Amino acid sequence: MKIAIVCYPTFGGSGVVATELGLSLSRRGHEVHFVTYKQPVRLETISSHIRFHEVNVPEYPLFHYQPYELALSSKLVNVIKNYGIELLHVHYAIPHAYAGYMAKKMLEEEGISIPMVTTLHGTDITLVGNHPFYKPAVTFSINNSDIVTSVSESLKEDTLKFFDIKKEIEVIPNFIDVSKFQKKIFTDCQRELMAHEDEKIITHISNFRKVKRVDDVVRIFYEIQKKVKARLMMVGEGPQRETAEQLVRELGIRDRVLFLGQSNEIDKILCFSDLFLLPSETESFGLAALEAMVHSVPVISSNTGGLPEVNIDNYSGFLHDVGDVEGMAKSAVSILQDPSILLKFKKQAGEAAVKFDINNIVPMYEELYQKALIKA
Ligand code: GMT
């Protein structure tokens, strides 16, 4: 099948999922064309089965806001025509589903019919899309997609609650290539560069937006390090980084906390981590938690959104109410304090990740694509 994928090319989860999906589809014999404004971060190889088409938005002084949707829909029309694309898969409703719909309509004028699959990822529904400025456009784009998927049951429920949806929403969870990680033996983990042997390593990875509650991460760690010798690795960049750094200073734990910035070495960082913290306000899925689990790192998270579908309470880690810093710290200590309990949770975290193996999930998309092609 010839498939065009539209996504955000940045470090965000939706872009990562879209890229990994495209790579996997190409390995399964499909031809995949990524259409976005920059080469996606995890798209390292371009081959005859993987192409990248950059959407350019020329700066024009008349425009206060440069019209990205217009450029994207025009680019889609050209790519679909030039490469004989059979199916369009857009990740994130805003503005991708909207631009995709426009491309579909333009192509219809030329007698070309192309099905569009829209995958909802979370913030396009729970935070941004729900805003009155965008709501009519998001509702319209979802209702006019041929097939709609969401990455968790929880996100499906939220979408039906917040929008007037007339379409069936299929749940296809996010995924991970278990064999890539669990069989990989890291010879260069270099744990000793990050912490002493008797110290535990606690990690948080995110884009440091408000929704991630990075201050809670720092406060949870502050409580943990009173009981267990530990270090905190803060990985990522974003608007809350400075306030978190300030809090670290105020709490007097600067020598225990490392802000590593954005990293392409997530595997290496998770390879030496003992525990992962994700106390988010909301999380449609929590891909970062799954990435930790596949590296056998137990997760302490909030029990919000799709997180309970990924992190299994008292098995792969623990779940607590949003903002329950004390509870999260207590659970963390209970795992870290006893080596045999830590070992048990590490093993269980790895086991819980297997359910989301790429080989179980990607065929679900292929099946939907077939359905969409028959419908079109
Ligand atoms: O969480 C973010 O800040 C990034 C965001 C995105 O749009 O890429 O992630 C969303 O999609 C991911 C992939 O499906 C999910 O794993 C994240 O839980 C979801 N984020 C939120 O719902 C806050």
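How many bridges join strand β1 to strand β4, and do the two run parallel or antiparallel? Strands β1 (residues 2-6) and β4 (residues 87-91) are joined by 4 bridges and run parallel. Ile-5, for instance, has His-89 in β4 as its bridge partner. Strands here are DSSP runs of E with at least two residues, helices are runs of H or I with at least four, and both are numbered from the N terminus. Two strands count as paired if DSSP finds at least two bridges between them.

A word on the model itself: it is predicted, with local features needing pLDDT of at least 70, side-chain atom pairs counting only at pLDDT 80 or more, and totals for chains, interfaces and linings using all residues. Residue numbers start from 1 along each chain as its sequence is written.

Stepping back, the open sheet has 7 strands in the order β3-β2-β1-β4-β5-β6-β7, with parallel pairing. At its edges sit β3 (50-54) and β7 (169-171), each pairing on one side only. From one strand to the next, the twist averages 25 degrees. Helix α15 (residues 358-375) packs on this sheet and touches β4, β5 (116-120), β6 (147-150) and β7. The direction of α15 makes about 160 degrees with that of β6; axes are lines fitted to C-alpha atoms, for helices over the stretch in contact, and angles run from 0 to 180 degrees between N-to-C directions.

As for domains, the chain splits into domain 1 (2-175 + 357-375) and domain 2 (179-356), with bounds taken from an automatic or database domain assignment. Their C-alpha centres are 30 Å apart. The contact between them (C-beta atoms, placed from the backbone, within 7 Å) takes 19 residues from domain 1 and 13 residues from domain 2. On the domain 1 side, α1 and α6 (153-162) are the elements giving two or more residues. That side divides into 9 nonpolar, 8 polar and 2 charged residues, where Ala, Val, Leu, Ile, Met, Phe, Trp, Tyr, Cys and Pro count as nonpolar, Asp, Glu, Lys and Arg as charged, and the others, Gly among them, as polar.

Then there is the ligand. Both domains give residues to the shell around it, so the ligand lies between them. Of the 20 residues in this shell, Gly-12, Gly-13, Ser-14, Gly-122 and Leu-287 come nearest; the cut-off is a C-beta atom, placed from the backbone, within 6 Å. Two or more residues come from each of α1 (13-27) and α4 (123-126), and α1 gives the largest share, 3 residues. By class, the shell has 12 polar, 6 nonpolar and 2 charged residues.

Definitions and conventions:
Two residues are in contact if their C-beta atoms, placed from the backbone, lie within 7 Å.
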